[in-house]
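Student: I have not worked with this structure before, and I would like to learn how to read its features one at a time. Could we go through it together, beginning with the charged side chains?

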Amino acid sequence: MSLTLHGIGIGGGVAIGHAHLISHTDIEIAHYTVRPEDIAGEVTRYDSAVKTARQELEMLWGSIPDNAPTELGAFLSLHIMLLNDHTLSVEPREIIEKRKCNAEWALKLQLDALLAQFDEIEEEYLRERRTDVIQVTERIFKTLAGHDMAMHTPAPTDRDSILVAHDLSPADMVLFKDSEYTAFITDVGGPTSHTAILARSLDLPSVLALRHARSLIHEDELLIVDGVNGVVIVNPDERTLTEYRARQDEWTVRQAKLQDIRTSLPVTQDGIEIELFGNIELPEDTDQVLENHATGIGLFRSEFLFLSEDDLPTEEEQYQAYRSVAEQMAGQPVIIRTIDLGKDKIPKWQEESDAPNPAMGLTGIRLCLAEAQLFRTQLRALLRASAHGKIKLLVPMLSHVGEVKQTRRHLEEVKAQLRAENIPFDEQIELGGMIEVPAAAFTVEHFLHHLDFASIGTNDLIQYTLAVDRNDDAVSHLYDPVHPAVIRLLHHVISTCNRVGKPISMCGEMAGDPALTRLLLGLGLRRFSMLPARLLKVKEQVLSTDLAAIQPLITQLLEADEIDGLRQVMEQLQA
């Protein structure tokens, strides 16, 4: 019997293949009392399980394929960091000693306590960390039980296989990347979950948040995965299968044609030049940017240099990383965001925050200004690297103009140090600011008096504007980049920057969504920055757009006050 499931489409295109279900066998958690003379042995058993789990993750981290998305390593590092954290490495041991219970029960009690804390906080970044904690504790549970944590992949076959799972951890994704699956689907996951980010990087058809797919689909059933529309069809009839095979062929032809525009300049049909930049996490990502003939690097997330090691990277290590990217780009712009730690990115060397809501606490530029030595070390490395290319600085999470003024004071003092040491740097290095908090968006003109350019971070700006947790399945459908409030706020920021003559770019997920390219062009955006895998699809939209022709539709969008009418105009805009 045919069955249609609806979720969140992530990877583009259509895949047709047979289901392969994966599952980590559920563990029944027993509770029993441990004799006083056996407590030390039980603690040792727990320590051994944590150590084994850590070694497994470190082994996986070391076996990540060279062509895997760089985010994969960062997510695995996050899981290793959680295993090292006091809440999982120490507190369950204390529960064993205090309650005289077995290790599994102590870990269960600790997990319940942690999840209860997460349930009290409605914030995207901590919600995402909740999933990470569950996945890491599951690994410890199964190590205690003697289970093999490896994801079971099918034996090689001559037909396409589609992975079906309740959820996929970063460790699972390492094995997934090394297999021959053509698509994957999961019960859970939001548009910005780890799984979604990796799906976009892999550019494979995928659908998340299907809720009950893992229980409704059986092994080897024929599936259609429509990553464009977020649809999964189980056991399709011949008519549906024929239709989707035709769509699959059309998608394949279209992807091949994209290669024809790789070297084309991104210019609209009415002659407006557009700049398309790539986002990177690590220096080795630069190759993908160059391969797709991007204008430059619009966002180098420097914090990933701080996540993979046990200790802080030194000034020299940072300098070499920034210099490498600048030299590879050979004079093209390289916009490097200063450290954006906190939220869901906690390095091994930093203590876990006990703040009730870290994402709205000491994070981004706030953390940098509070940790002046950390910030100055990075500024020194960035300034030194600026002598080797066109580096620009970008400050995250701005909410007060005073934060920009303080940043400039630090920058000038570091410049003075380098001059005194006769170390070369770009005296005219530009300083930009991320517009990702509504307070900064509404008062953007005040910020522009102190900035050389601005960049819109839509991921946070949208969720803060709509008060929607993107990773909460119950409300993720309300996370809407074309909500009237979002469109008007973006128009305000873009038009203000254009009016005062300050460059404005966008580096959030919206910038890499080809379905939204014409909307953003119509709002006045001329600089886009995205995952390198998205560059050609966005360029295709740019090349086919006549800005003068779409302006009446943009006017209608800005005047729309209800969602349904807005959707109709968006359909016309994309036609």
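**Salt bridges, sheet and core**

Tutor: The structure holds 27 salt bridges, and please keep in mind as we go that this is a predicted model.

Student: Which residue forms a salt bridge with R380, and how far apart are the closest N and O atoms?

Tutor: A salt bridge is read from a nitrogen of one side chain and a carboxyl oxygen of another. Here R380 is paired with E315, with 2.9 Å between the closest N and O atoms. This pair connects distant parts of the chain, since R380 sits in helix α14 (residues 372-385) and E315 in helix α12 (residues 315-329), 65 residues apart.

Student: Where does E421 lie, and what does its pair with R380 tie together?

Tutor: E421 also forms a salt bridge with R380, the closest N and O atoms being 3.1 Å apart. Because E421 lies in the loop between α15 (401-420) and β13 (431-435) while R380 is in helix α14, the pair ties together parts that are 41 residues apart in sequence.

Student: Is R380 buried or exposed?

Tutor: Buried means under 20% relative accessible area, so R380, with 14%, counts as buried. E421, in contrast, is partly exposed, with a relative accessible area of 42%.

Student: What about the salt bridge between D480 and R567?

Tutor: Their side chains meet at 2.8 Å, N to O, and the pair links the loop between α18 (458-466) and α19 (484-500), where D480 is found, with helix α23 (residues 563-574), which holds R567, 87 residues apart. D480 is buried, with a relative accessible area of 9%, whereas R567 is partly exposed at 35%. Elsewhere, salt bridges that share partners join E315, E316, R380, R384 and E421 into one network.

Student: How many residues are in the largest nonpolar core, and which have the most contacts inside it?

Tutor: The largest nonpolar core has 90 residues, and those with the most contacts inside it are Y322, I391, L490, L519 and F528. Leaving aside residues up to four places away in sequence, I391 touches several others, among them Y322, V334 and I429. A second, separate core of 31 residues includes I96, C101, L115 and V133.

Technical notes. Residues numbered from 1 in each chain as written. Predicted model: local features only at pLDDT ≥ 70, side-chain atom pairs only at ≥ 80, totals over all residues. Heavy atoms only, no water. Core = buried A, V, L, I, M, F, W, Y, C linked by side-chain atoms within 4.5 Å. Buried < 20%, exposed > 50% of the residue type's maximum accessible area, 1.4 Å probe, protein only. Contact = heavy atoms within 4.5 Å. Salt bridge = Lys/Arg side-chain N within 4 Å of Asp/Glu carboxyl O. Helix = DSSP H or I, 4+ residues; strand = E, 2+ residues; numbered from the N terminus.
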